[in-house]
Amino acid sequence: MSEHKVYKLDTVEVSDAWKKRAYIDNDKYLALYKESVEAPDTFWGREGQRLDWIKPYTRVKNSTFAYPDVSIKWFEDGTLNVSANCIDRHLAKRADQTAIIWEPDDPETPAQHITYRELHDNVCRLANVLKAQGVKRGDRVTIYLPMIPAAAYAMLACARIGAIHSIVFGGFSPDSLAGRVEDCKSAVIITSDEGRRGGRSVPLKANADAAAEKSGHVEKILVVRHTGGDIPWTEGRDIWLDEAMAEASPDCPPEEMNAEDPLFILYTSGSTGAPKGVVHCTGGYLVYASMTHQYVFDYHDDDVYWCTADVGWVTGHSYIVYGPLANGATTLMFEGVPNFPDPSRFWEVVDKHNVTIFYTAPTAIRALMGAGEDYVTKTSRKSLRLLGSVGEPINPEAWEWYYHVVGESRCPIVDTWWQTETGGVLITPLPGATKLKPGSATRPFFGVQPALVDSDGNMIEGPGQGNLVILDSWPGMMRTVYGDHKRFVDTYFSAYKGMYFTGDGCRRDEDDYYWITGRVDDVINVSGHRMGTAEVESALVAHPKVSEAAAVGFPHDIKGQGIYCYVTLMAGEHEMDGLKKELRDWVRNEIGPIAAPDHIQFAPGLPKTRSGKIMRRILRKIAEDEYGNLGDTSTLADPSVVSHLIENRQNRR
Ligand code: WTA
């Protein structure tokens with residue numbers, strides 16, 4: 001890290017200007033929050049009106065968290081179409097307004113401005129292509145695309161015809177893609193010839209081919225021509241999307257969907273097993289995405305809004321595409337990475353497009369902070385008025401750098417806590433209402449009732465620390481795990497009966513502010529990306545030379561957490577450094593580059609209890625280089641294992 005001043009801010013008060021300009025000031029926040037939890041039907045019945053309904057709802061909230069009968073329904077008798085809400089209804093006023101600004105990876109390539117009229121045209125054409133390929137309402141379509149406008153067209157085209165999209169992040173391997181295609185039985189993949197990130201090509205079409213080969217389901221691959229690179233081609237199965245769209249009709253009436261019909265599936269990692277298909281539905285999700293986008297970012301008509309996430313993650317779904325477009329916003333989509341061609345790129349893009357609201361992840365902030373202030377200060381950034389953070393806890397040092405250096409102490413930071421499962425932001429400051437404390441996500445959004453419980457499930461009142469649960473439903477929350485409702489109920493509602501368990505630890509201070517402390521389950525948060533230790537372990541043991549493996553997280557300066565793996569080899573295999581690289585590449589190929597272990601330690605034995613359970617607590621301590629304080633080791637079956645692990649630890653500081 002480069003040298004920089006540490007300011008040690010306690011709090012940042014809301015400025016008078018912000019109190020005046022924002023939709024929500026503190027009095028309004030308090031009054032509306034009270035109404036939202038005491039009279040949810042009134043509150044959400046009113047908020048639901050922000051959308052255009054085909055058949056208006058008469059019932060607002062109908063949900064129970066009671067184990068095991070968990071059931072969540074919002075606006076259940078209303079009908080609507082998400083793409084009509086994100087596009088058609090804006091055409092009367094905004095046909096020529098830019099809906100999407102596309103900024104390519106290479107700054108020399110011209111940016112694109114796609115108007116709402118053009119968005120409508122492209123989405124209808126793509127929807128008609130899908131129909132022509134036999135995609136019907138309720139069918140699953142897998143999207144495996146880079147950050148190009150076609151990704152938004154594909155999402156909205158699915159929504160238009162009532163198909164359920166499942167986006168798979170372009171950084172995932174063919175195996176990961178195949179697993180997700182297989183789980184939701186999707187017959188169609190939409191991909192591109194290649195992706196481009198930081199000047200390098202990603203072979204998306206070749207990966208899609210490999211996935212299609214693995215999974216028997218794929219009948220059609222629709223290919224966006226993006227880089228023009230050479231790709232393999234299977235006649236009869238593969239279709240150039242631009243050619244098909246050029247021939248398709250630009251008119252496609254939106255399908256009338258029930259509020260509770262699924263809109264999309266998004267796979268995410270948990271503490272056990274394969275990634276789960278998180279299901280989000282049409283009505284409640286869009287109401288919540290739209291409302292949070294408007295109030296959290298205080299979006300007004302003259303804003304240019306930029307969220308740097310990838311559409312492969314939930315942040316891209318809710319806050320690049322659905323929330324902003326439902327609000328008729330101008331949303332920027334960036335194909336590249338923060339440090340290409342150099343660490344000024346973010347701020348150059350801000351200046352080039354006059355971005356007013358900028359939303360990114362702490363890992364990016366820490367990496368740019370490490371590159372030094374000059375890359376920031378040589379740009380203007382005068383258009384910026386609000387900054388956002390998401391994906392992991394932001395350490396106060398990074399917060400202050402973001403606030404003072406990037407935002408020149410004039411832009412509030414909204415530190416937004418939420419999850420794939422929650423659909424939208426749950427705990428966050430509102431810029432006109434909330435005094436900020438660096439490192440705290442502050443207070444709950446409307447309708448959200450957070451609470452802390454100890455490990456026995458006892459409620460913690462007042463200031464304290466515990467496991468973060470949510471006591472009642474909000475419109476944007478997931479409805480089920482695709483194809484496995486029992487897994488949904490067991491994963492989120494069985495630890496603390498009657499409550500949604502987030503998997504996060506949290507502290508609440510004397511002002512009732514929430515401070516997320518990170519995952520308390522076996523999920524590692526690598527650069528804001530969720531990785532289940534079980535997934536990394538099962539990839540490792542799939543290697544012919546590995547007999548057993550345990551993965552844990554450890555604190556990492558830039559990534560937040562890194563991945564540390566303990567590997568026991570098959571008898572007769574030798575512990576060579578070359579094998580470490582081979583195993584790292586193996587995991588990279590099995591899951592994707594984000595899962596590549598930072599450290600691999602060969603371990604002839606793992607610390608286990610007498611009943612054979614791996615004692616991860618000990619493995620975590622050694623990975624953190626905190627082996628002096630291992631806690632109670634009396635239940636170990638073989639205590640000598642531990643001293644060997646300590647002697648050979650990889651992360652010495
Ligand atoms: C973590 C991303 C602290 C948390 C939207 C959560 C955060 C997980 C924050 C969800 C934040 C996200 N402060 N921690 N502002 N935002 N997290 O599903 O551990 O990719 O449970 O959703 O990221 O990650 P996911």
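Which elements are included in what covers the buried residues of α8? The legends below refer to a predicted model, and the first one takes up this question.

**View 1. Helix α8 and its cover.** Helix α8 spans residues 174-184, and its buried residues are Ser176, Leu177, Ala178, Arg180, Val181 and Cys184. Among the elements that cover these buried residues are the strands β6 (140-144), β7 (164-167), β8 (188-192) and β14 (262-268), together with the helices α9 (204-214) and α19 (577-590).

**View 2. The largest nonpolar core.** This core holds 123 residues, and the members that touch the most others are Leu119, Leu130, Ile190, Tyr322 and Phe446. Helix α7 (residues 149-161) supplies the largest share, with eleven residues. Domain 1 (1-81 + 280-519) and domain 2 (103-255) each contribute at least three residues to the core. A separate core of 37 residues lies apart from it and includes Val168, Ile189, Ala549 and Cys565. In soluble globular proteins, nonpolar side chains tend to be buried together.

**View 3. Surroundings of Phe446.** Phe446 is one of the residues that touch the most other members of the largest nonpolar core. With neighbours within four places in sequence set aside, the contacts of Phe446 include the aromatic residues Tyr29, Tyr33, Phe43, Trp44, Tyr288 and Tyr295. Ile24, Leu32, Ser36, Met291 and Leu430 are also in contact with Phe446.

**View 4. The packing of α6 against α7.** Two packed helices are described by the angle between their axes and the distance between the axes. For helix α6 (residues 116-132) and α7, the axes come within 8 Å and cross at roughly 60 degrees. The crossing of α6 and α7 is right-handed. On the α6 side the contact is made by Leu119, His120, Asn122, Val123, Cys124, Leu126, Ala127, Leu130 and Lys131. On the α7 side, Ala150, Tyr153, Ala154, Leu156, Ala157, Cys158, Arg160 and Ile161 take part. By residue class, the contact of α6 with α7 consists of 13 nonpolar, two polar and two charged residues. Leu119 and Leu130 of α6 are also among the residues that touch the most other members of the largest nonpolar core.

View 5. The peptide bond from Tyr67 to Pro68 is cis, with omega near 0 degrees. Pro68 is placed in the loop between β1 (61-64) and β2 (71-74). Phe340 and Pro341 are likewise joined by a cis peptide bond, with omega at about -5 degrees. The loop that holds Pro341 runs between β17 (331-334) and α13 (345-353).

View 6. Glu408 is not a glycine, yet its phi is positive, at about 45 degrees. It sits in the loop between α16 (396-406) and β20 (413-416). Glu408 is partly exposed, with a relative accessible area of 39%. Thr442, also a residue other than glycine, has a positive phi near 70 degrees. Its loop lies between β20 and β21 (450-453). Is Thr442 buried or exposed? Thr442 counts as buried because its relative accessible area is 0%, under the 20% limit.

**View 7. Domain 1 and domain 3.** The domain assignment gives domain 1 (1-81 + 280-519), domain 2 (103-255) and domain 3 (527-648). The centres of domain 1 and domain 3, taken over C-alpha atoms, are separated by 33 Å. Eleven residues of domain 1 are in contact with nine residues of domain 3. Gly370 is placed in helix α14 (residues 362-371) and is partly exposed, with a relative accessible area of 33%. Gly370 and Asp557 are 187 residues apart in sequence, while their C-alpha atoms are 9.7 Å apart in space.

View 8. His529 belongs to strand β28 (residues 529-532) and is buried, with a relative accessible area of 17%. Beyond neighbours within four places in sequence, His529 is in contact with Trp313, Ile524 and Ile594. Gly553 lies in strand β29 (residues 546-556) and is buried at 8% relative accessibility. With neighbours within four places in sequence left out, Gly553 is in contact with Ile524, Gln561, Gly562 and Arg620. From C-alpha to C-alpha, Gly553 and Thr533 are 8.2 Å apart in space and 20 residues apart in sequence.

Terms used:
Residues are numbered from 1 along each chain as its sequence is written. This is a predicted model: local features need pLDDT of at least 70, side-chain atom pairs count only at pLDDT 80 or more; totals for chains, interfaces and linings use all residues. Side-chain values use heavy atoms; hydrogens and water are left out. A nonpolar core is a set of buried Ala, Val, Leu, Ile, Met, Phe, Trp, Tyr and Cys residues joined through side-chain atoms within 4.5 Å. Buried means under 20% relative accessible area, exposed over 50%, partly exposed in between (1.4 Å probe, protein chains only). Helices (H or I, at least four residues) and strands (E, at least two) are DSSP runs, numbered from the N terminus. Domain bounds come from an automatic or database domain assignment. Contact means heavy atoms within 4.5 Å. Axes are lines fitted to C-alpha atoms, for helices over the stretch in contact, and angles run from 0 to 180 degrees between N-to-C directions. A crossing is left-handed if the near helix is turned anticlockwise from the far one by less than a right angle, and right-handed if clockwise. Ala, Val, Leu, Ile, Met, Phe, Trp, Tyr, Cys and Pro count as nonpolar, Asp, Glu, Lys and Arg as charged, and the others, Gly among them, as polar.
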